[in-house]
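Have the viewer open as you read.

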Amino acid sequence: MAEILSLREAVERFINDGDTVALEGFTHLIPTAASHEIIRQGKKNLHLARMTPDLVYDLLIGAGCARKLTFSWGGNPGVGSLHRLRDAVEKQWPNALEIDEHSHADLANSYVAGASGLPFAVLRAYVGSDLPKVNPNIKFINCPFTGETLAAVPSVRPDVTVIHAQKADRKGNVLLWGILGVQKEAALAAKRCIVTVEEIVDDLNAPMNACVLPTWALTAVCHVPGGAHPSYAHGYYERDNRFYQAWDPIARNRETFTAWIDEYIRGTKDFSEFQQKIAQAKTAEAK
């Protein structure tokens, strides 16, 4: 059953050094606040998993939290590269990063297999692709029924999955809507699951065919309004495109990146204070 906790307490109790951690959310509902709290608490040696690593993983990698990345695409959406990811892979700064690259279809199936308690996923994929040449975790098997050659990949079963959602009720049930990505599968595949939400309500009033994650499948629910910024939360706020654009010059240089996280993440007590500090900086720039 999910406990309703502060994000600080949830990260402290349920994310350990060396864990495999999946922060999932596709296009919107990206758990930015949780990534900040992981950095504040100095979590180390994490094996990060995510279908589309973007700014949240650029932050975690640049802050020295990661030892390995399992992923299916990486970049600053609509802008360009993730410079902290590139620096870690190419120059081992701030430490070496092992990469485990897959296709989107592959990693989505790996989460489904993990949620189903299976050791691996099977799919039609990688014909003509060079990824199997550089990733030994992509293997091929023959179907015992048809003889067809199929790709097989390990299931993803995180120690901890972290997602952001719109609502939770006071029992810890969580409601998501809009583009879902693999949040449901990642939550069900994990040993522990932390969910940050925009609001906690008495009744979810879930519409027909909504995605509701039951409290028994979750570990902690944390009230963090705006916790997906700069991504959007459908029905609550829009994507902050300027933040993504501004991130490129910040992350491009080691010194500017370190100064930014020291001021805005390590230098704030929580995501609410971070939001206030960012708003003040925007106001000062506009003058």
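## F243 and W260

F243 is buried, at 13% relative accessible area (buried means under 20%, exposed over 50%, partly exposed in between, with a 1.4 Å probe and protein chains only). W260 is buried too, at 9%. Keep in mind that this is a predicted model, where local features need pLDDT of at least 70 and side-chain atom pairs count only at 80 or more, while totals for chains, interfaces and linings use all residues. Numbering starts from 1 along each chain as its sequence is written, and side-chain values use heavy atoms, leaving out hydrogens and water.

## Aromatic pairs

The whole structure has 7 aromatic pairs, meaning Phe, Tyr or Trp rings (the six-membered one for Trp) with centres within 6.5 Å; planes under 30 degrees apart are stacked, over 60 edge-to-face, and the rest tilted. F243 and W260 make an edge-to-face pair, 6.2 Å between centres and 75 degrees between planes. F243 sits in helix 8 (residues 241–252) and W260 in helix 9 (residues 254–264), so the pair ties together parts 17 residues apart in sequence. Helices here are DSSP runs of H or I, at least four residues long, and strands are E runs of at least two, numbered from the N terminus.

## Arginines over rings

R84 lies over the face of F257, 5.8 Å from the ring centre. R239 does likewise over Y244, at 3.7 Å. The test is NZ of Lys or CZ of Arg within 6 Å of the ring centre and within 35 degrees of the ring normal.

## V122

V122 is in strand 6 (residues 120–123) and is partly exposed, at 37% relative accessible area.
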